[in-house]
Every structure is written in C-alpha cells, then in structure tokens.
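Morning, everyone. Let me put the structure up, and then I'll walk you through it.

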Protein chains: 2
Amino acid sequence: MSGSRTPESALDVGGDSFTSSREEDAADGIQHSHRMLSFSDALLSIIATVMILPVTHTEISPEQPFDKGVQKLLATRIAVYLMTFLIVTVAWAAHTRLFQVVAKIDDTLALLNLACMMTITFLPFTFSLMVTFPEVPLGIFLFCVCVITIGAVQALIVVYAFHFPHLLNPQIEHCAHRALYRQHILGIILRGPALCFAAAGFSLFFYPASYLLMAMVIFLPYFSKAASWCRGRLVGRCRWAGVWGLGAASRACGAAATTRHPCGVPSSGLWAPSPRGLDQFLPPGISTGPPELPAPSVEFFTFDLHEPLSKERVEAFSDGVYAIVATLLILDICEDNVPDAKDVREKFQGSLVAALSVYGPHFLAYFGSFATVGLLWFAHHSLFLHIRKATQSMGLLNTLSLAFVGGLPLAYQQTSAFAQQPRDELESVRVSCAIIFFASIFQFAIWTTALLHERETLQPSARFGGREHAFMFAKLALYPCASLLAFASTCFLSRFSTAIFHLMQIAVPFAFLLLRLLVRLALAVLRALRGLRLPEPGGEDDSRAPLLPAAC
Amino acid sequence: MSGSRTPESALDVGGDSFTSSREEDAADGIQHSHRMLSFSDALLSIIATVMILPVTHTEISPEQPFDKGVQKLLATRIAVYLMTFLIVTVAWAAHTRLFQVVAKIDDTLALLNLACMMTITFLPFTFSLMVTFPEVPLGIFLFCVCVITIGAVQALIVVYAFHFPHLLNPQIEHCAHRALYRQHILGIILRGPALCFAAAGFSLFFYPASYLLMAMVIFLPYFSKAASWCRGRLVGRCRWAGVWGLGAASRACGAAATTRHPCGVPSSGLWAPSPRGLDQFLPPGISTGPPELPAPSVEFFTFDLHEPLSKERVEAFSDGVYAIVATLLILDICEDNVPDAKDVREKFQGSLVAALSVYGPHFLAYFGSFATVGLLWFAHHSLFLHIRKATQSMGLLNTLSLAFVGGLPLAYQQTSAFAQQPRDELESVRVSCAIIFFASIFQFAIWTTALLHERETLQPSARFGGREHAFMFAKLALYPCASLLAFASTCFLSRFSTAIFHLMQIAVPFAFLLLRLLVRLALAVLRALRGLRLPEPGGEDDSRAPLLPAAC
C-alpha cells in the first residue's frame with residue numbers, strides 16, 4: 001500500500017473490486033466523473049483569473065500623471081476582476097454541488113457539461129461590457145442570457161441524470177422520494193436563472209433594477225447560507241449536535257446509523273457527517289415538501305450528500321488559480337520583452353545584452369513574483385494537507401485568498417515599473433505588500449477557522465498540541481508578518497522601499513527552507529525561558545513535548 | 001464502494017489503512033506527492049502552450065500583402081512554438097520519471113520542485129531569443145544555463161531523496177544496491193546538463209556547435225529509446241516475452257514473482273510489467289554497473305518502476321493543455337474586443353450593438369473554437385478511459401496531437417479574420433482544417449497503436465470485438481473525417497469555403513451527441529447488408545453481437 005504514488009494506483013492493490021467495477025462501467029459508456037471535474041476546475045480557475053489581464057495591461061506612460069482618470073480606469077478594471085472572480089466562484093460552487101448529486105457521467109452528460117463550461121467562459125466578457133458601459137443595458141442583458149443558458153443546461157443535466165438513476169449519487173438513487181428530490185434540486189438550480197429572467201426583462205426598460213437582481217443572484221448563496229447558519233445556531237443547536245454525534249459514531253464503527261429521514265434511507269458512514277451538506281439544495285421555506293410531514297421535520301431533510309465543498313475540488317480549483325497566476329507573467333515576458341531585431345541594431349549597436357538589460361527589472365520582478373505565488377501555493381498545499389474537510393466558511397476565505405493571489409500580477413507589473421517611474425516607487429511597493437498581506441492573511445484565517453472546529457476539520461497532528469501545530473502556525477504566519485514588516489519599514493525608510501521589497505522576496509524563500517530549524521530553535525528558546533521562570537521539569541515536559549517532532 | 005465519486009474518496013471506505021498511514025506521514029511532514037505533481041503538470045502544460053500567443057498575435061494589417069516577410073515571421077514563430085512544446089514535453093517526461101523514483105515528498109522537496117518549475121518556465125523566453133537572434137549566442141547560452149540549473153536542482157532532489165530513503169519508491173528503498181541506483185539516476189539526469197555545459201562553452205566562440213549539441217539534448221531520449229527498442233527487437237525478443245509473461249502472472253495471482261534482478265528485489269505485482277520502464281535511467285552502454293555482473297544481464301537491470309509514463313500524469317498534462325487552449329481565446333476577447341467608450345460615441349453614434357457587431361466574427365470563431373477544443377478533449381477523455389497504460393510511443397503521439405491542439409488558437413485567429421480579409425479566406429479555412437485534422441488523426445493513431453498491444457494497453461471492452469470498439473472507432477474517426485471532408489470540399493466549392501467550415505463546426509457536436517444512435521444504425525445497416533449477402537444467422541450473430549451494447 002505504501003508503495004503507491006497516488007491514491008488511484010493504491011486502488012489497484014487494495015481495491016480490486018473497485019477497479020473491476022470501473023471497467024464494467026466503462027464498458028457501458030458510464031464513467032466516473034473524476035477527470036471531467038478536474039478539467040472543469042482547470043477551465044473555471046483560468047476564467048476566474050483572466051480578468052486580471054486588462055488590469056495589468058493598463059498602459060500608464062511615464063510622463064502621464066497618476067491622476068483621477070487613470071485611477072478611475074484602474075478601479076473599474078479591478079472591480080470587473082473582483083466581480084468576475086466572485087461570479088465564477090459561485091458558478092464553480094454550484095457546479096461542485098451539481099456533481100455531488102450526479103456521481104457518474106456518460107457521453108451525453110460530458111457534452112452537456114462542455115456546453116455549460118462554454119457559457120461560463122463567456123461571463124467575463126459580459127462583465128467587461130457592463131463595467132465599461134454601465135448605462136447601456138446590453139451588458140447585463142447578455143449576462144442574464146448566459147446565466148439562463150447555464151441554468152437550462154444544468155437543469156437538463158439533472159433531468160437526464162434522474163431519468164437514468166444509475167448516474168446519480170447512490171444515496172439518491174436508492175431514495176424512495178426521488179421525484180421530490182428532483183423537484184428540490186431543479187428549484188435551487190433554476191432560482192438564479194429565474195431572477196435573471198426578470199432582470200433581463202427589466203434591462204429593456206429600467207436597468208437599475210436589473211443590477212439589483214443580479215447582485216441578488218450573486219450573493220443569494222451566501223445570504224441563504226448565513227440565514228440557515230443563524231437559524232441553525234438559534235434553533236437547531238442541540239439537534240445538530242445529535243446528528244454530528246451519530247455520524248461520527250457510524251463512521252467509527254462502520255455500521256449504518258439510522259437518523260430520522262424523510263427518504264427513509266439510513267445515512268450510512270460513507271458520507272461525512274456535515275449537516276449543512278445539502279442546504280444549498282434546500283430553500284429556507286420548503287413548499288414542495290410532502291404534506292404529510294410536520295413542519296419542524298424540514299430541518300431533517302438537510303441530509304448530507306457529501307462535504308459542503310469537496311476538498312479535492314477546492315484543491316483542484318486553487319491549484320488552477322495558482323498555476324495560471326504564476327504563468328501569466330512569463331506569458332507577458334515572452335510576448336513583450338523579446339527586443340525587436342531592428343531596434344537592437346539601431347539603438348543598441350547590435351548588442352543584445354544591452355537591449356535586454358532594459359528589461360532587467362521585468363525579469364527580476366518575474367522571478368520574485370513566481371517565487372511569491374509558488375510559496376503561497378506551498379503554504380496552501382501544506383495547509384490542506386492537514387485539513388480533513390472544507391466547510392463553507394473556509395471555502396469563502398479560500399476564495400478571498402485566491403482573489404488576492406490573482407492580483408499578484410498587478411503587484412508584478414507595479415514592481416517591474418520601478419525602473420521607469422522612481423516617483424511612484426513607494427506606492428507600488430506598498431500596493432504589492434498589501435496584496436501579498438491579504439492573500440496570506442486569508443490563508444491564515446482558513447487555518448484559524450479550521451481550528452475552531454478542529455475535531456471535524458483538521459488532522460490530529462495539526463490540532464492544538466499536535467506535532468505539526470507550531471510548524472503550520474509558522475508557515476502560515478511567515479508571509480503576513482514579512483509583508484507587514486516590509487510595509488511598516490517603507491513608512492520609516494521610504495528611500496529604501498525597493499531594496500526592502502527585494503530583500504523580502506529573497507529572504508522569505510530561505511525562511512521557508514529553514515523553517516523547521518527556526519521553529520525548533522524558537523521552541524527551544526521558549527522552553528529555556530520557561531524553564532528559567534518555572535523550573536518544574538515534570539509538568540513542563542508533559543505540555544510541551546507534543547509540539548516537538550519526534551524525529552529531531 | 002460504488003457510492004464514492006472519486007477514487008480518492010473510495011479509499012475512505014476500502015482503504016482505511018491507507019488513510020491512516022497518510023495521516024501518520026503527514027504528521028512527520030512527509031506527504032504523498034499527488035497534489036504537487038498535478039500542480040507541476042498544470043504549470044508545465046501552460047508553459048508548453050504559451051508560445052502560440054506570439055504566433056496568434058502576429059499582426060497582419062488588411063492592406064499588407066501576405067508576402068515573404070510575413071510568411072517568414074510566422075514560420076519563425078511557429079518554429080519557436082513547436083520547439084518550446086517539444087522541449088517542455090521532454091522536461092515534463094523527465095519530471096515524471098524523476099517522481100516515479102521519488103514517491104513521497106517533504107517540504108524541502110516541494111520547495112526544490114518549485115525552483116525547478118521556475119527555471120523551466122523561463123525556457124520559452126530563451127527560445128524566443130534564439131529564434132529572433134539566431135546568430136547571437138546569448139539565447140543558446142541562457143538556454144544552456146537554464147538546463148544546467150534544472151539538472152542541478154533535479155540532482156539535488158535525487159541526492160536528498162536517497163539520503164532519506166523513506167521518500168523513495170519503496171522498491172528502491174528496500175534495494176540492496178541503492179547506491180548503484182543513485183549513481184545511475186544521477187548519470188541520466190546529468191547527461192543533458194553535461195552536454196549543455198559543453199554547448200554553453202561552444203556558444204562563446206563557435207555557436208553552430210552549440211545548436212548541434214542542443215538538438216542532441218532534445219532528441220536524446222527519443223534516440224536512446226529508439227535504439228533500445230531496436231536492440232530489444234533484434235536481441236531480446238524472447239527474453240522480453242518471458243518478463244512480460246512473468247509480470248502478468250505475478251499480477252494475476254497477486255504473488256511476488258521473482259525475476260532475475262541485480263537488486264535482488266522480487267518485482268512484485270504492484271508494478272505494472274513494462275520492461276522499458278527504467279530505460280530512461282539506463283544508458284545503452286552501462287559503465288557504472290557492478291563489475292561482477294556479466295554483460296548480458298544488463299538487460300535485466302531494466303526493472304519496471306512504474307509504467308513508462310504514468311497514465312494519470314499524461315491525463316493531467318493533456319487536460320492542462322486543453323484547458324489553456326480553450327481559454328486562450330476568451331482571454332483575447334476579453335482584452336481586445338471590448339469597444340472603447342469614446343469610439344462607440346464617435347463612430348457608432350452610441351450604439352453598442354453596432355460596435356459589437358464589428359467583432360461578430362470573433363465571437364462566432366470563439367464558440368466554434370471552444371467547441372472544437374472541447375470535443376477533442378472529449379475524444380481524448382473517452383480514449384484514455386479505455387486505456388490501461390500509456391506506452392512510450394503512445395506518449396509521443398499524444399504530444400504530437402497536443403502540439404496541434406495548441407495550434408488551434410491560430411485557426412481561430414485565421415477564421416476570425418474572415419470578415420476583414422475575404423481574399424485569404426480559402427487559405428485560412430484550409431489551414432484550420434489541416435490543424436484540426438492533424439490534432440485528431442494523432443489521437444486516432446494513439447488508439448491504433450494501443451490496439452497493436454491491446455492486451456496490455458486497452459480495457460477489454462475497447463478491444464477488437466469489445467462492446468465499445470465500434471463506438472471508439474467512430475468517436476476518434478469523426479474529426480479526421482469531418483476535417484478531411486471540409487478540406488476536400490473547399491477544393492471543389494472554393495466559393496463556399498467559409499460556409500462549409502461553419503457547417504462542419506455546427507454539425508460535429510450534434511454528430512457526437514447522436515454518435516451512439518448513428519453507430520447502431522450503421523451497424524444495423526451493415527448487418528442487414530451482410531444478412532442479404534450471406535444469410536447464415538448463426539455465424540453472423542456470433543461475430544457481430546459483441547459489437548452491440550447490451551443495453552440497447
């Protein structure tokens with residue numbers, strides 16, 4: 001078992017039955033959706049980050065002052081970027097939920113999914129139109145048409161999957177109230193498109209109403225989530241606790257623990273016990289519910305399909321964003337920074353080295369930026385290694401972190417402009433530090449949130465007192481501290497701001513490399529200090545020992 | 001088991017021991033490399049396709065004739081693109097092999113891998129320099145520096161992993177001749193950089209020699225592969241057959257079958273029996289081998305680490321290429337095709353619809369191109385669903401197919417230029433058809449190659465006479481046939497070339513959707529025709545029945 005590189009290959013050893021069932025399925029044209037979902041994640045993450053390009057490519061000539069006009073243009077483009085990121089993330093989350101219901105795919109579903117993706121990739125353009133021409137209703141009309149198309153395709157997917165139930169999640173497949181489920185899921189899926197249909201209608205004669213409706217579409221999931229969370233806090237606290245307990249128990253003993261459930265299906269240990277799992281598919285005021293059920297039992301209908309957002313897909317989506325952000329820079333460099341042959345001959349007397357040295361800051365900034373993105377990915381990777389499942393709030397924090405990571409090319413563009421515009425240097429460094437700070441502090445926030453429910457969300461080693469706890473803390477705190485320090489020092493030593501920034505970019509990778517050593521050193525120092533103050537070796541050893549790795 | 005969406009989650013059910021061992025590892029800071037490898041695949045696939053951008057962004061103004069100068073520029077850029085694609089693929093293959101030896105990672109290895117990636121992302125730029133300034137040795141010098149850096153980092157990874165053997169592939173970990181292995185692997189890894197070191201030296205005084213050496217670096221793996229294949233064919237035919245048989249037997253019964261092996265490690269059923277597995281790490285003339293071994297036994301040293309190229313990584317790399325190609329287009333559209341507010345006011349009297357209709361062909365071409373890329377991905381996905389493992393030749397064919405897929409944005413750019421340049425319309429349509437044809441015919445070739453060794457490479461259902469065989473044939477033959485047909489018809493009906501091309505783009509998705517129906521129809525017709533000719537129902541049913549799916 002330990003010899004396998006990936007979990008997949010491990011299956012060949014431990015799960016022969018699984019492999020053979022996969023082969024059987026493939027023979028019927030039915031496929032596990034794993035690869036299609038990775039592909040969709042890749043597409044969606046690229047689309048989400050694409051709109052940073054118009055921001056970075058905003059041309060500010062050296063003699064042009066950084067005045068109101070440029071600031072407004074930049075602000076507009078940043079707004080488009082953030083809105084695109086948000087809406088694509090919402091679409092991604094809906095897609096994730098959809099394919100938690102539909103567990104297997106066949107050719108038709110794969111093709112429908114491609115149609116869905118094609119429509120989603122068109123969303124950024126409608127946003128650009130909307131922001132460039134806010135008073136022309138065409139942008140919002142196109143946006144609404146896209147959302148309606150996406151909704152229609154997703155509804156088609158649901159109807160198709162319910163028509164061939166072997167494609168469904170087996171828990172729904174074997175559910176007696178399957179038709180009821182279909183109704184619910186279709187209701188949720190078509191809620192957004194219905195609002196957009198109204199918005200499209202309004203856009204023809206009173207467009208501000210369309211914008212309001214659009215905002216509702218985007219924030220609806222968050223509102224309904226927040227509302228159900230609050231309700232859960234106020235009303236169903238103890239009841240949830242019971243469900244949690246049952247789920248944990250059923251997982252522990254591997255037996256199917258039966259919770260009260262309108263579907264009559266025992267919620268087996270297969271599914272992680274997250275009571276908010278199908279909230280997405282359950283509108284607050286259920287009206288299509290079976291009339292024979294009493295009103296309070298509606299709460300129990302929130303049966304957990306899976307984790308709220310599957311950890312694998314959160315990782316895949318994040319990887320996509322990090323990968324595209326890291327390479328957006330080289331993409332620019334390869335296109336713009338190869339000097340023209342004629343220029344070299346005329347301006348630099350044929351010396352290619354001289355011609356390239358003009359672009360020197362670009363290359364430096366590229367390496368700095370790649371290192372930053374890479375190390376933020378590294379921190380994210382380490383973090384999710386210790387995370388068992390991603391709750392809704394962790395997903396939201398992750399989105400925020402990724403949105404700032406997507407802004408890093410902007411930081412690059414700012415820092416590569418150092419040479420040309422020494423005047424705005426200070427501001428550029430500060431913007432870069434701020435972007436890095438926010439990207440990393442939201443990562444830190446994910447961890448903090450996870451620690452609040454550490455039993456459910458974290459691996460034992462990363463919890464309070466776990467062996468990796470101190471290391472994780474240090475890893476995630478490194479970038480926020482470094483960027484904050486750099487920002488603060490530019491306030492005192494504004495003349496050396498560039499030097500400070502470059503020093504940070506060089507020092508942080510080495511800090512990561514030596515992190516384990518540094519943390520051990522810090523812990524040893526802490527322990528020594530403690531030992532000096534309270535010299536009770538017995539009690540102290542007990543509390544501190546787990547923090548130190550065994551293999552010192 | 002059937003309830004799990006992905007193979008990973010299946011592990012929670014079937015492989016508790018695996019999950020817990022993973023948790024233990026995470027506690028020690030040792031991680032399975034799965035996610036890092038996906039991230040690397042994403043980065044490398046983006047880098048491989050990036051260089052198509054300068055090609056598509058070659059500006060050809062409408063009044064400018066498509067003369068020698070433009071042709072030369074385009075040809076140069078296409079050459080850069082193809083060379084970059086090839087070299088990045090070579091680097092990717094080397095990376096794949098490296099992490100077949102190193103099975104687990106820790107923080108240091110993750111950081112070293114990031115350093116390696118950063119250097120690889122710089123390769124396209126050196127290629128651009130080389131092609132733009134072929135007579136200036138700076139480009140090749142930088143290229144050599146990059147390759148040497150990559151080699152040094154990879155050597156560091158190997159040395160580090162051998163220093164902490166628990167990170168290694170367990171088969172090497174428990175090998176008695178581990179030091180010998182390290183020697184070998186280091187030898188293979190440093191072969192390229194050593195050549196590049198010589199090339200860097202030559203570049204300072206006699207650069208043509210550098211180019212020759214560089215070509216050797218790129219094509220070395222293919223040459224050595226071809227040479228070893230030829231030798232295997234000529235000399236070791238029967239011996240290979242024996243190894244294959246043993247491997248298959250050991251897998252079938254799950255017992256460890258001992259093959260003669262200088263490491264003394266029985267080649268267990270864990271590893272797929274591919275005798276060419278470690279060829280990459282075994283230079284034809286082994287000199288570092290232990291002197292006590294007789295010369296012919298060198299052949300046996302080719303012990304199989306894993307499949308030559310792990311199927312998962314081939315899929316991940318291909319997905320990355322398809323995803324970035326599909327979105328490159330929307331990236332251009334979002335940046336360039338949002339009309340300027342001032343332009344709309346002045347030129348189009350404030351009518352945004354009129355302003356956008358200028359870009360109409362761009363949008364049409366975008367959807368057409370996305371559909372083409374998406375459907376080619378779909379064909380690839382279906383193909384690899386039925387493939388058990390990817391041999392070296394299949395990997396090469398896949399690379400060639402992907403290189404043409406990367407050229408699709410070029411086809412898009414050509415077809416979106418229809419409106420402006422009706423003169424070159426015919427040529428554009430033909431180029432597009434040719435690119436689509438080659439991208440799809442190489443996919444078809446993968447399948448043909450797989451069929452040659454169908455027992456080893458294909459799932460039973462896709463083999464000759466299998467239930468999915470006819471469908472796979474139809475799926476993979478659809479695009480080559482359609483593009484060939486479109487190309488041929490432009491020769492006869494050159495006036496309607498655009499219409500023909502658009503017709504093809506619209507018809508093919510529907511053909512995919514109705515493929516199962518069409519294939520069944522075709523088979524029924526075939527059967528009817530056969531039945532008319534030779535009316536022997538018994539024999540005919542036997543041979544044809546497996547071709548029809550059971551669930552008609």
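One term before we start: a polar contact here is a pair of N or O atoms within 3.5 Å, where one must be able to donate a hydrogen and the other to accept it. Keep in mind that this is a predicted model.

With that rule, eight residue pairs are in polar contact across the interface of chain A and chain B, both partners at pLDDT 80 or more.

Now the extent of the interface. Chain A puts 110 residues into the contact, and chain B puts in 110 residues. The buried area between chain A and chain B comes to about 9800 Å². Carbon and sulfur atoms give 73% of that area.

Next, charges. How many salt bridges cross the interface of chain A and chain B? The rule finds four. Take Asp107(A) with Lys475(B): they form a salt bridge, with the closest N and O atoms 2.7 Å apart.

On to chain A by itself. Chain A has 24 helices and two strands. Of its 552 residues, 57% are buried. Look at its contacts between residues at least 6 apart in sequence: 79% join residues at least 24 apart.

Last, one helix in chain B. H3(B) runs over residues 34–50, 17 residues in total. From first C-alpha to last it reaches 25 Å, close to the 24 Å expected at 1.5 Å a residue. Is H3(B) mostly covered or mostly open? Mostly covered: 15 of its 17 residues are buried.

Conventions:
Residues numbered from 1 in each chain as written. Chains lettered and ligands numbered in written order. Predicted model: local features only at pLDDT ≥ 70, side-chain atom pairs only at ≥ 80, totals over all residues. Heavy atoms only, no water. Contact = heavy atoms within 4.5 Å. Buried area = accessible area lost by both parts, 1.4 Å probe. Salt bridge = Lys/Arg side-chain N within 4 Å of Asp/Glu carboxyl O. Polar contact = N/O pair within 3.5 Å; in protein donor to acceptor, adjacent residues only side chain to side chain. Helix = DSSP H or I, 4+ residues; strand = E, 2+ residues; numbered from the N terminus. Expected span 1.5 Å × (residues − 1). Buried < 20%, exposed > 50% of the residue type's maximum accessible area, 1.4 Å probe, protein only.
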